[in-house]
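Subject: The structure we talked about

Hi there,

Here is the structure I promised to send over. Please open it alongside this note, and I will walk you through what turned up.

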Amino acid sequence: METMFDTLLQLPLFQGLAQEDFTCILEKVKLHFTKHKPGELLLQKDSSCHELVFILKGEVASSTLSADASYSFTEYFPAPYLIEPYSMFGMNTSYASTHRANTEVHTVSISKAFVMKELFSYEIFRLNYMNMVSNRAQMLHNRLWKVAGNDLEARISHFILSHVERPSGKKVLKIKMEDLAQIVNETRAGISKALNNMQDRGLIELHRGEIVIPDAENLILA
């Protein structure tokens, strides 16, 4: 049976860390374990990121609102998962998204002070952290230069994929048809036809005021 110790070692920042080092860390750090009910708020957008929050069990729904509040995008992340490690440092040290428990969720958090004082003294932890932040920066840079294509369905897919943190799993885009039409420079009728075609192909599911993407990887392969 998998122990809490095993689960913690699966977390991205601790992978590759020697077991004796990890045991030493656990002896020093004050870990805050919390259980959250489905729908419960974990972290609010614009609140200060002063700790690393690890998801040990369950699934988290992370929602981001556009700058003009015309649409929102939600991704679902199963454990093990680390919430916004890139928000701890930089010009803005607040969370970019709102995170809620989609199922019962178990979390453990470690303070920023301990991360800086103790964890950064371990080379493998520093490398894991730098790789995580660098990979995300490179992904976002590459996304800026990717060509959307002329086909309307390809432009819609490009718009959806430009917002994903992970290129797989379920996503939900809440947006009005006319707003999506304006974004991809198309008529509302054209958008409606394209979305229905995509639904017929099993790429998306249309609901009132929202587009559900069962698996974003299918949009990449389409």
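Let me begin with a word on classes: Ala, Val, Leu, Ile, Met, Phe, Trp, Tyr, Cys and Pro count as nonpolar, Asp, Glu, Lys and Arg as charged, and the others, Gly among them, as polar. With that in hand, the lining of the largest cavity has eight nonpolar residues, no polar ones and no charged ones. Please keep in mind that this is a predicted model.

**The cavity**

The count comes to one cavity of 30 Å³ or more, and the largest cavity holds about 40 Å³ of space. Its lining is made up of Leu 8, Phe 14, Phe 22, Ile 25, Leu 26, Val 29, Leu 31 and Ile 110. Helix H2 (residues 19-28) gives the most to that lining, with three residues.

**The four-stranded sheet**

Next, have a look at the open sheet, where four strands follow the order S1-S8-S3-S6 with antiparallel pairing. Strand S1 (32-36) and strand S6 (81-83) are its edge strands, each pairing on one side only. On average, neighbouring strands of this sheet are turned by 30 degrees against each other, direction ignored. S1 runs antiparallel to strand S8 (residues 105-111), and five bridges join the two.

**Strands S9, S10 and S11**

Strand S11 (residues 210-213) is joined to strand S9 (residues 171-175) by four bridges, and the two run antiparallel. Here Lys 171 has Ile 213 in S11 as its bridge partner. S11 also runs antiparallel to strand S10 (residues 205-207), with three bridges between them; His 207 is partnered with Glu 210 in S11. S10 and S11 form a hairpin with two residues between them, and Gly 209 in the turn has a positive phi of about 75 degrees.

**Helix H5**

Finally, how many of the ten residues of helix H5 (residues 152-161) are buried? Eight of the ten are, so the helix is largely enclosed by the rest of the structure. The buried residues are Leu 152, Glu 153, Arg 155, Ile 156, Ser 157, Phe 159, Ile 160 and Leu 161; buried here means under 20% relative accessible area. At the start of H5, a side-chain oxygen of Asp 151 comes to within 3.2 Å of the backbone nitrogen of Glu 153.

Happy to go through any of this with you.

Best wishes

Terms used. Residues numbered from 1 in each chain as written. Predicted model: local features only at pLDDT ≥ 70, side-chain atom pairs only at ≥ 80, totals over all residues. Heavy atoms only, no water. 1 Å grid on protein atoms, 1.4 Å probe; cavity = no way out; pocket = protein on both sides within 12 Å on 5 of 7 lines; lining within 4 Å. Points joined across faces, edges and corners; volume = space filled by probe spheres on them. Pairing = 2+ DSSP bridges. Buried < 20%, exposed > 50% of the residue type's maximum accessible area, 1.4 Å probe, protein only. Polar contact = N/O pair within 3.5 Å; in protein donor to acceptor, adjacent residues only side chain to side chain. Axes fitted to C-alpha atoms, helices over the stretch in contact; angles between N-to-C directions.
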